[in-house]
Amino acid sequence: MFPAVVIIVTCCTAIVLFLYKYTTYSYKYWKKKSVISATPVPFFGNIKDHVMLKMTQGECLKNIYNDFPNEKFVGIYQLQKPTLLLRDPEIIRQFLVKSFTHFTDRGFLYDGHREPLTKHLVNLEGDTWKMLRQKLTPTFSSGKIKNMLGLLQGCGVQLINYMEAAIESGKSEFEMRDLTAKFTTDVIGTCAFGIECNSLRDTQSEFRRMGCAVLNSSASSALSKIVRVFFPKLFKALKLRTFPFEVQQFFLGVVKQTIDFRKTNRVLRNDFIQLLLEIKDQKQPKNADDTAVELTEELIAAQVFVFFLAGFETSSTTLSFCLHEMAVNQEIQSRVYNEINETADKYGLPLSYEAISSMDYLEQCLKETMRKYPPVQALSRVCTKPYRMPGMDVDVDVGTAVLIPVYAIHHDPRYYAEPDTFDPERFARDGSARPAGTYLPFGDGPRICIGMRFAMVEMKLALAQFLHSYSVSLSDKSCARIEFEPASFLSCPKGGIWLNVAKR
């Protein structure tokens, strides 16, 4: 019996030692490069609180960021993955803009064969990304967005009609994130797919249901995303999915049906699918470099899908965060209301593109909202060509992950005095300048969000239409300080945002 106990103890000890060595084998990487680094925890590296769903990625990185106030960059470990955390605005600008050719990719896994919806602009890499970006950029020009304004105005009218009916029925308290998500789902549905989603009226809307399925923030979904990022081979081996299969079938089916219907009936609309179809039908020169990217139906579906994914959730949370701050800061809400009235008096209703563009203070409020609550709390890049840090004896190897801690930078008092205070005046046109690389809600450089202008027009119009008719105030369910949902990969308010809404 004694030898058996010895054997068991020896085996257990060997297993523990093996696991310890396996999970810490890379933890000398930054020391060998003479880079200041945060002390890692076995297996978790420096992101234990994020992996254990105690805080968001942005909040986790903010703690590391604050621990090294005098460093321009810090070596960290995401589990076993050596990662360079950038702190200095000039270096951030260098990586995202000036030396972009060394950091073109985000390093996100995608499988165009098994999961065709993942082959979209956010995930694509190298020349494929570059060629597709060049094709898609004209679809988000000011002129194209202007042509979609009627669709946006229609969704705003639906929102006002819904609110009027709800308030007349005696309802006064609303969960704003759910409300704005239904609104932005309708916006993206009509502007991307040319489909009336009716999410505000139809509680069983398929588009709304699919949106919720895509952004499921359950622990199991979060775990699947962690495996996808850090153990891609295991992700494929276990046949895990980035999104539920029904989501893939739904969006592929909707895009195919829409394309077939338009071709058969010669239907034209000022929406995203129409613009993509026009690009697809354009004749390319035989020797053109970009003929390697053919806009198939699946590729079109992937681009429309990411437009839906990025467009409805980020815009809806920003709108709900902004309305929350309006409720907390009534004097700011009053100033916005006065600007909306003055603009309506000057340009008339419905608000034109020029009218929307003229509302500077409303835009400042949105910018400050995205400063305080950036939709994406960290930007990811991966080194694609050997790179030497400017003026330093530090080489960045190909394959090294890079993180830009947007949430931490946006809350750094060196760039934003009293960062927890909501102050739209920070973004006044005659306000004090801050270093480039310190405001990154849409990213920066060639991979800056392609739909940035569309998002700003959509959100400004939505707020103008809403606040022109209704005021918001804190309810009994309101929390003055918003907490984020740790399992969400975007900034998501835990427990929602409850506000009282009253007709003006």
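**Exercise 1. Determine whether Glu 485 is buried, partly exposed or exposed, and state where Glu 485 lies.**

Solution. The classes rest on relative accessible area, with buried meaning under 20%, exposed over 50% and partly exposed in between, for a 1.4 Å probe and protein chains only. Glu 485 has 21% relative accessibility and therefore counts as partly exposed. Glu 485 lies in the loop between strand S8 (470–474) and strand S9 (498–503), where strands (E, at least two residues) and helices (H or I, at least four) are DSSP runs numbered from the N terminus. From C-alpha to C-alpha, Glu 485 is 9.5 Å from Gly 496, and the two are 11 residues apart in sequence.

The model is predicted, so that local features need pLDDT of at least 70 and side-chain atom pairs count only at pLDDT 80 or more, while totals for chains, interfaces and linings use all residues. Residues are numbered from 1 along each chain as its sequence is written, and side-chain values use heavy atoms, with hydrogens and water left out.

**Exercise 2. Describe how helix H13 and helix H15 cross, and which residue classes make their contact.**

Solution. The axes, lines fitted to C-alpha atoms over the stretch in contact, with angles from 0 to 180 degrees between N-to-C directions, come within 9 Å for H13 (residues 245–265) and H15 (residues 297–328) and cross at roughly 115°. Since 65 to 115 degrees counts as roughly perpendicular, H13 and H15 are therefore roughly perpendicular to each other. The contact (heavy atoms within 4.5 Å) includes Val 247 and Phe 251 of H13, and Ile 300 and Phe 305 of H15. These contact residues divide into 9 nonpolar, no polar and 4 charged, where Ala, Val, Leu, Ile, Met, Phe, Trp, Tyr, Cys and Pro count as nonpolar, Asp, Glu, Lys and Arg as charged, and the others, Gly among them, as polar.

**Exercise 3. Give the angle and the axis separation at which H9 and H15 pack.**

Solution. Helix H9 (residues 176–193) packs with H15 at an angle of about 145°, their axes being 8 Å apart. By class, their contact has 12 nonpolar, 8 polar and 2 charged residues.

Conventions
Parallel < 35°, antiparallel > 145°, perpendicular 65-115°, else oblique.
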